[in-house]
Amino acid sequence: MNDEATRRQWREHKRKWRAANRERNREIDRETYYRNRESINAKRKELRVLFAEWRQTLKTAEAPSATGLAQ
């Protein structure tokens, strides 16, 4: 899977297999989620913190412009 054409072929093969084997695909996804849920939840927590920080920067950036309009 070194080149892009091979990657595309493999993705297409997996897509077709998942469509043909929906129940097994669901089982695999569930197993993978539970095996990796600690890291998944840690990443979610990190993203929530980053989003909250970003939102705070927006609020502080809007505050001076809002007072500037009132003058």
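At 15% relative accessibility, Asn25 counts as buried, because the cut-off for a buried residue is a relative accessible area under 20%. This residue belongs to a predicted model, and the protein in that model has 2 helices and 0 strands. Buried residues make up 1% of the 71 residues in the protein, and the accessible surface comes to about 6700 Å², with 54% of that area belonging to carbon and sulfur atoms.

**Asn25 and its surroundings**

- Asn25 lies in helix H2, a helix that covers residues 22-70.
- When neighbours within four places in sequence are left aside, Asn25 is in contact with Trp17 and Arg18.

- Side chains of opposite charge can pair when their charged atoms come close.
- How many salt bridges does the protein hold? The count comes to 9 salt bridges, and the pairs described here and under the next heading are among them.
- Glu4 forms a salt bridge with Arg7, and the closest N and O atoms of this pair are 2.7 Å apart.
- Both Glu4 and Arg7 lie in helix H1, which covers residues 4-20, and they sit 3 residues apart, which is about one turn of the helix.
- Glu4 is partly exposed, with a relative accessible area of 37%, and Arg7 also counts as partly exposed, at 31% relative accessibility.
- The pair belongs to a network of salt bridges, in which Glu4, Arg7, Arg8 and Arg11 are linked.

- Glu23 forms a salt bridge with Arg26, with the closest N and O atoms 2.8 Å apart.
- Glu23 and Arg26 both lie in helix H2, and a spacing of 3 residues places them about one turn of the helix apart.
- Glu23 counts as partly exposed at 45% relative accessibility, and Arg26 counts as partly exposed at 44%.
- The side chains of Glu31 and Arg24 meet in a salt bridge as well, at 3.9 Å from N to O, and this pair still counts because the cut-off for a salt bridge is within 4 Å.
- Glu31 is partly exposed, with a relative accessible area of 43%, and Arg24 is partly exposed too, with a relative accessible area of 37%.

**Aromatic pairs**

- The structure holds 2 aromatic pairs.
- Tyr33 and Tyr34 form an edge-to-face pair, with 5.2 Å from centre to centre and 75° between the planes; the term edge-to-face applies because planes over 60 degrees apart are classed in this way.
- Tyr33 counts as partly exposed at 32% relative accessibility, and Tyr34 counts as partly exposed at 46%.
- Phe51 and Trp54 form a pair that is tilted, with 5.4 Å from centre to centre and 35° between the planes.
- Phe51 and Trp54 both lie in helix H2, where they are 3 residues apart, or about one turn of the helix.

- Which residues make the nonpolar surface patch of about 300 Å²? The patch is made by Phe51, Trp54 and Leu58, so the rings of the tilted pair, Phe51 and Trp54, belong to residues that take part in a patch built from nonpolar side chains.
- Leu58 lies in helix H2, the helix that also holds Phe51 and Trp54.
- Phe51 counts as partly exposed at 42% relative accessibility, Trp54 is partly exposed with a relative accessible area of 47%, and Leu58 counts as partly exposed at 33%.

**Thr57 and the backbone of Trp54**

- Thr57 is found in helix H2, and at 46% relative accessibility Thr57 counts as partly exposed.
- The side chain of Thr57 reaches the backbone oxygen of Trp54 at 2.5 Å.

Definitions and conventions
Residues numbered from 1 in each chain as written. Predicted model: local features only at pLDDT ≥ 70, side-chain atom pairs only at ≥ 80, totals over all residues. Heavy atoms only, no water. Helix = DSSP H or I, 4+ residues; strand = E, 2+ residues; numbered from the N terminus. Buried < 20%, exposed > 50% of the residue type's maximum accessible area, 1.4 Å probe, protein only. Areas by Shrake-Rupley, 256 points an atom, 1.4 Å probe, with all protein chains shown as cover. Patch = residues over 30% accessible without salt bridge, like charges linked within 9 Å, V, L, I, M, F, W, Y side chains within 5 Å. Phe/Tyr/Trp six-rings, centres within 6.5 Å; stacked < 30°, edge-to-face > 60°. Contact = heavy atoms within 4.5 Å. Polar contact = N/O pair within 3.5 Å; in protein donor to acceptor, adjacent residues only side chain to side chain.
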